[in-house]
Amino acid sequence: MELMYIGKTKNVYKLPDGMFLLKFKDDMTGKDGVFDPGSNEIGLTVKGAGQSGLRLTAFFFEHLKAKGIPTHYVDADPEAATMTVKPAKPFGKGLEVICRYRAVGSFHRRYGDYIEEGAALDAFVEVTLKDDQRQDPPISEDALDMLGILSKDDFSTLKALTQEIASLVKALLATKDLDLYDIKFEFGKSDDRILLIDEISGGNMRVFREGKPVEPFELENIMLSL
C-alpha cells in the first residue's frame with residue numbers, strides 16, 4: 001500500500017487495484033481533552049475510538065447503499081479499523097458540508113445576536129473550506145462557482161444529497177430516541193457523479209438525548225445494540 005495522506009482522524013492508503021484504504025485512528029477532534037466535532041484540532045486520543053467510528057460509519061453507509069445513495073463505500077474491516085473505498089476527487093482542496101437542525105456550535109457563535117442557542121433550523125446547509133489555518137471559513141454558492149471549486153449545478157446536487165442523507169441519519173437516530181442537532185459531510189466526484197465520501201460517525205455529528213449530548217462511544221453502543 002502507498003500512504004497518500006495523513007489526516008487528523010484517518011490515514012489514506014492507495015491499494016494496488018486502484019481502490020483506497022482508510023485507516024481509522026483513535027484520535028478525536030476537540031480541545032483540552034474534551035470532544036468537539038466542530039474542532040479543527042486533535043483534543044484527545046481514546047483507545048478503540050477508530051474501531052467505534054468505523055463500525056458506526058459502516059452501519060450508516062450500508063443503509064445509504066440500500067437506499068441507492070451514491071457513496072465511495074465498498075466494505076469495512078472493523079477489527080483492523082479499515083474501510084475500502086472507491087476513488088473520488090474532492091472539490092478544490094476539500095469542502096465540509098454541514099446540515100444543521102439546531103443553532104449550536106459555530107453557527108450560534110456567529111449569529112447569536114439573532115437566534116437563541118438550540119433554536120430549531122430547517123435542515124440548513126452550510127459549506128466551509130477545509131482550511132485549518134483559516135478555521136474552515138464558510139463560503140457561499142456564488143463564491144464556490146466564481147472560484148471554480150463547485151459549479152452551481154453541482155452545488156444544487158450536493159445540497160439536495162446533503163439534506164437527503166442527513167434526513168435518513170436523523171430518522172435512524174430517532175428510532176433510538178436520539179435527536180440530531182447537526183452533521184458534517186464530505187463529498188467528491190467520480191465519473192462525473194457526486195459521491196458522499198469520508199465517514200458518518202459520532203465524530204462528525206452532534207447528537208442529544210433528552211437535552212443531553214451523546215458522546216461517540218455511547219452513540220455507537222446505542223445505535224448498534226440489538
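User: Where do F107 and Y111 lie?
Analyst: Both lie in helix α2 (residues 105-111), four residues apart, about one turn of the helix. Helices here are DSSP runs of H or I with at least four residues, and strands are runs of E with at least two, numbered from the N terminus. This is a predicted model: local features need pLDDT of at least 70, side-chain atom pairs count only at pLDDT 80 or more, and totals for chains, interfaces and linings use all residues. Residues are numbered from 1 along each chain as its sequence is written, and side-chain values use heavy atoms, with hydrogens and water left out.

User: How many aromatic pairs does a search of the whole structure find?
Analyst: Six aromatic pairs turn up. Rings of Phe, Tyr and Trp (its six-membered ring) pair if their centres lie within 6.5 Å; planes under 30 degrees apart are stacked, over 60 edge-to-face, the rest tilted.

User: Why is the pair of F107 and Y111 edge-to-face?
Analyst: Because the ring planes of F107 and Y111 stand at 70 degrees, with the centres 4.9 Å apart.

User: Is F107 buried or exposed?
Analyst: F107 is buried, at 8% relative accessibility. Buried means under 20% relative accessible area, exposed over 50%, partly exposed in between (1.4 Å probe, protein chains only). Y111 is partly exposed at 34%.

User: Switching topic: where is I165?
Analyst: I165 sits in helix α4 (residues 152-174) and is buried, with a relative accessible area of 0%. From K67, I165 is 98 residues away in sequence and 9.9 Å away in space, C-alpha to C-alpha.
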